Amino acid sequence: LMNLGADALYEERFAQAEALAQRAHAMLERTLGPRHPRSIYVDNVLALAQAGISGHLEAAIGTMAADVDLARATLPPNTEMLGGVVSVLGDIQFLAGHDAAAIASLGEARAILAAAKSSALGTTELVLGRVELRAHSGDALATLRDARQRLAAAHAQEPKYIALADAAYGAALAAGGDVAAGERFARAARASLLAGPDAGSVRLADVDGLLAGILERKGDATASRQLREEGVAIYRRVYGAGHPCERSLVAELAAAAPPRAGAAEARETSPARNPLLPDP
């Protein structure tokens, strides 16, 4: 049941994954008790499934926090598996918008996984770099550079995560002032997703949001808006309306709304302004 749930999770069928993982969790409690170490595997799947359903994210954080507590209590310290579950907690905290908590969790996971020489390190660095980017941390560019290199070396069969890492790295380049290079990375990442089997994945919506931000820096408001609208449609189809990822892109669309009637005339008589900042 857990493996079937993991398959559904990978294919972004989150409601089905949640139902399967809940059945596996209940079965495990009946047969082995409520705090058996095998629950770490099952509840890892359950929390990730909950995180992909609008309205279930806080439940996902609770599930994963309890899972981390169980891992700390039953596993040797600093094992690769502990690093993995702490990383998943950070991933869900990032989705929920809890940036400071996510950075703390992902930083701990990164240290554990690096010491264990784990192949999962690149995925952890990808999420850490994305939350650092959103938090305007100067560490984002280096973290995402490391993530790209590790993912390319260790996850050759995971093109959607490599593409997301490329797009996030491009967004970090653009945030640092190199908008042209950032756009090249993000456009290439989007093209690779559209050409492969993950064209309908939420990873494409993630990339659309990152590329939209780069194009907004460039001053291309029309293309930026179109990408965000496409990303919102994907999030609503896969996650459901009201998911934090969908709400975030909707907020960006609202912030980049066309100026009100009369605003253009007012700007003609006002001092020169930065076109990337909102009107006063």
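**Salt bridges around Arg-110**

Me: Which residue does Glu-125 form a salt bridge with?
Reply: Glu-125 pairs with Arg-110, and their closest N and O atoms are 3.0 Å apart. A salt bridge here is a side-chain nitrogen of Lys or Arg within 4 Å of a carboxyl oxygen of Asp or Glu.

Me: Where do the two sit?
Reply: Glu-125 lies in helix α7 (residues 121-134) and Arg-110 in helix α6 (residues 99-115), so the pair ties together parts 15 residues apart in sequence. Helices (H or I, at least four residues) and strands (E, at least two) are DSSP runs, numbered from the N terminus.

Me: Is this an experimental structure or a predicted one?
Reply: This is a predicted model, where local features need pLDDT of at least 70, side-chain atom pairs count only at pLDDT 80 or more, and totals for chains, interfaces and linings use all residues. Residues are numbered from 1 along each chain as its sequence is written, and side-chain values use heavy atoms, with hydrogens and water left out.

Me: Back to the pair: is Glu-125 buried or exposed?
Reply: Glu-125 is buried, at a relative accessible area of 1%, while Arg-110 is partly exposed at 23%. Buried means under 20% relative accessible area, exposed over 50%, and partly exposed in between (1.4 Å probe, protein chains only).

Me: What about Asp-146 and Arg-110?
Reply: They form a salt bridge too, with the closest N and O atoms 3.4 Å apart. Asp-146 is in helix α8 (residues 140-154) and Arg-110 in helix α6, so this pair ties together parts 36 residues apart in sequence. Asp-146 is partly exposed, at 24%.

Me: Which residues are linked in that network?
Reply: Salt bridges link Arg-110, Glu-125, Asp-146 and Arg-150.

Me: And how many salt bridges does the count come to?
Reply: The count is 17. One of them joins Arg-228 and Glu-216, with the closest N and O atoms 3.2 Å apart. Arg-228 lies in helix α12 (residues 221-238) and Glu-216 in helix α11 (residues 202-218), so parts 12 residues apart in sequence are tied together. Arg-228 is buried at 4%, and Glu-216 is partly exposed at 34%.

Me: New topic: where is confidence lowest in the chain?
Reply: That is helix α14 (residues 263-268), with a mean of 39, whereas α6 is highest at 98. Over residues 259-280 the pLDDT (the predictor's confidence in each residue, from 0 to 100) is below 50. Where pLDDT is low, the predicted coordinates should not be read in detail.

Me: What is the mean pLDDT of the chain?
Reply: The mean is 91, and 90% of the residues reach 70 or more.

Definitions and conventions: Contact means heavy atoms within 4.5 Å.
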